[in-house]
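Please review the following briefing alongside the sequence and coordinates.

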Amino acid sequence: MGRDSGLNRRSYLTALGAGSSAALAGCTGFLGGGSSEDTVTIGSDIPYRPFEYETEDGDLVGFDVDIAQAVFEEQMELTPEFTDTSFDTIISSLNNGNFRVIMSAMTINDTRAERVDFSDPYFTAYQTIVVLNDSDITAKEDLRGRTVGVQKGTTGAGAADALKEEFDGELTIRRYDQIPAAFDALINNQVVAVINDNTVNAEFVEQNGNVRFVEGEGAAAEEGENAPPYLTLTVEEYGIAFRQDDDEFRQQVNDALAAIREDGTYDEIYSEYFSG
Amino acid sequence: MAETRQRERREPAPEPFLNDRRLKYIGLTASVVFTLVVVGFLGLILYTQVNVDRFVNIIHPQFINAFFVVLQIVVISSVLSVIGGVLVGLGRISETLPTRGIAKGYIEFFRGTPLLFQLIVIYSGIPAFWPPGQFPIENFSIPAAIIGLTLNHSAYIGEAIRGGVEAVPDGQMEAARSLGMSYAQAMQEVVLPQAWRNALAAIGNDQVILVKDTSLLSVLAVPEIISTVQNINSATFDIWTPILWAAILYLAITIPLGKFVRYLEARADPAGGRDR
C-alpha cells in the first residue's frame, strides 16, 4: 500500500521476534541460524484488502499472498510464510531480521529506498478519494476546509499532507491505525472522504453500496498513462522490499517476477483480485 | 527463672549476612548504579539520537496542540469520572439489592474489558446504528474519548469509594443513625467525608492512570501525544526526538497531578498532614 514508512532511525533493538529465525533461513546467517532452509518469511501488515487479508475461515489470501505463492513457491521452490506486523515500523522490523522480505503493498519511494532495496515493481497504484454517494464533493478542490481520513504512515497520508499544503492548511486530516477504521469513519460521518490506494478503495466501493470514487483526471492522466476513470492524486509502484545486503536473493526474485509475467500467472492473479 | 538461665547459656546467634548496615549499603549501591545507568543512557540518547533543531521545531504546533488536546480530555474526563465514580460507589454499597447488583455489574463490565475495547465500541460501534453518513455528531472522536474514559474510570473510582466507605467503622453509621439522622444524612455528613479521605490515594492513583490512558486514543485518530510521535517518526525517521517530548509532556501532567492529590490528602487529614 502506499504507506510511508514510519521507521526508527536506528535499529536499536536486536531483539528477534518469533518469526525471525525462519526469516533468516538462507540469509547470510550473521544474526543467527535459521531453522528451515527453504522457508522465506514475509512481513506484511494484515489486513489490507485485497492485498493481504483473512477470509471468514481465517485463511490468509490476497494479491500479495498469491504473488508470493507464485514467486517463492512455484518459481523458487521456497515456502512463503507471512508474518503480521505493523506497517509504521515494518522497515525497521525487516532490518532487525524479523523477516526476510516485505510484501505489504509497499510503494517504492526514495525515502524508503535509503533503508531497503526494492524488487522490480509488481503493481501500479494510484492515490484516490472515496466519498459517500450523496456527498457534495465532485472534485479535489471541494475538499478544501473539510476533514479527510487516512491510514497512519501511508502514502495516502502523504497525499493528504500534500493536499493540505496545496490548500494552505485548509484541510483536517484524521490518521487512523488501520484503513478499515478510516472507512468506518467515513460511514460514521467523522470524515467526508478517505484518501487511499485505488485498489483498496475500489474494493471498498464494490463491497459497500454507499460510497463512490471522486472522478476526474489527475496524476495518471498527466503522466499519459492508461488512466483510470477516477481522480488520481499520485501514481505509485509497489515493490517487494529486501534488506540492503540481500542482493543475490533480490535478483532471483526479480527473475521469478519476470517469469510469472511471462507465463501468464501474473495476469491470472491480477484478474482474480482486480476487475479493471 | 529456669527459662532465663537457659537463655543466658545460649551462644549468641551468628550475625546474619544481611545485617542492617549491609542492607543500607547494598541499597545505596544499587540505587547509585541505577542512577548512573539511567543518566548514562539519557546522555547517550541526547548526544547521539536527539536532533536539537528538530526538537525545537516540533514543539509548535504539533506537540503543543497535542498537549492541550490531552489536557482538555483529561480535565473533563477526570471531573466526570469522579462524579460518576461516587455514584457507582454509592450504588455499590447500597442496601437495596437491585441498585447494588447493577452497580456491581457495571464495575465488572468496565473493569473486566479493556479500555481499548470500550473505546472502539463507542467510536465505531455506536455510530453504526445510523445509516451511512447520518451520524449526527461530526467530530465524535473527542466526545467518544471522554465518554470512554469516564465510563471506564468511574468503575475504578467506584471501587475506591466502596473501599473508602467500608474502611469507615460501622459504629460511625450506627452512631449517626442513633442520633436520628436518616441514612442519606448520615452518609453525607458522617460517613462520606471520612470515606473520601480513605479513598483519595486510590482515586489520585486512578487519575494518573487516566492521563496515561489517553495514549490509547490514537486509535480514535485523536491527535494526542503518541500519534504526534508516530507522525513525526513517520515523516523524519527520527524516533528519539519526538519520544523525548512525549516523556516531558506526560510527566508535565502526571507529576503536578500527583502533587495536587497529595495536597488534597494532606488537607483531608485531620492532623493537617503534619504526621506525614
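Residues are numbered from 1 along each chain as its sequence is written, while chains are lettered from A and ligands numbered from 1 in the order in which they are written.

**Confidence**

- The predictor assigns the complex an ipTM of 0.73 and a pTM of 0.74.
- Chain B has a mean pLDDT of 91, with 94% of its residues at 70 or more; pLDDT is the predictor's confidence in each residue, from 0 to 100.
- Where pLDDT is low, the predicted coordinates should not be read in detail.

**Contact between the chains**

- Chain A contributes 22 residues to the contact and chain B contributes 21 residues; two residues are in contact if their C-beta atoms, placed from the backbone, lie within 7 Å.
- On the side of chain A that touches chain B, β9 (172–176) and α6 (179–187) of chain A each supply at least two residues.
- That side of chain A comprises five nonpolar, eight polar and nine charged residues. Here Ala, Val, Leu, Ile, Met, Phe, Trp, Tyr, Cys and Pro count as nonpolar, Asp, Glu, Lys and Arg as charged, and the others, Gly among them, as polar.

**Chain A: overall fold and domains**

- Chain A holds 10 helices and 13 strands, where helices (H or I, at least four residues) and strands (E, at least two) are DSSP runs numbered from the N terminus.
- Of the 276 residues of chain A, 50% count as buried. A residue is buried if 20 or more other C-beta atoms lie within 10 Å of its own, exposed if 12 or fewer, and partly exposed in between, with C-beta atoms placed from the backbone.
- Chain A splits into domain 1 (20–122 + 239–273) and domain 2 (124–236), with bounds from an automatic or database domain assignment.
- The centres of domain 1 and domain 2 of chain A, taken over C-alpha atoms, are separated by 27 Å.
- Eight residues of domain 1 of chain A are in contact with 11 residues of domain 2 of chain A.

**A sheet in chain A**

- Five strands of chain A form an open sheet of mixed pairing, in the order β4-β1-β5-β13-β6; two strands pair if DSSP finds at least two bridges between them.
- The edge strands of this sheet are β4 (79–84) and β6 (117–118) of chain A, each pairing on one side only.
- Strand β13 (residues 241–242) of chain A pairs with β6(A) in the antiparallel sense over two bridges, and A:Phe118 stands opposite A:Ala241 in β13(A).

**Two selected residues**

- A:Tyr230 is found in the loop between α8 (219–222) and β12 (235–238) of chain A, and is buried because 22 other C-beta atoms lie within 10 Å.
- Not counting residues up to four places away in sequence, A:Tyr230 touches A:Thr128, A:Asn198, A:Phe213, A:Val214 and A:Glu215.
- B:Ser227 lies in helix α10 (residues 225–236) of chain B, and is buried, with 24 other C-beta atoms within 10 Å.
- With residues up to four places away in sequence not counted, B:Ser227 touches A:Arg175 and B:Ser218.

Note on methods. Predicted model: local features only at pLDDT ≥ 70, side-chain atom pairs only at ≥ 80, totals over all residues.
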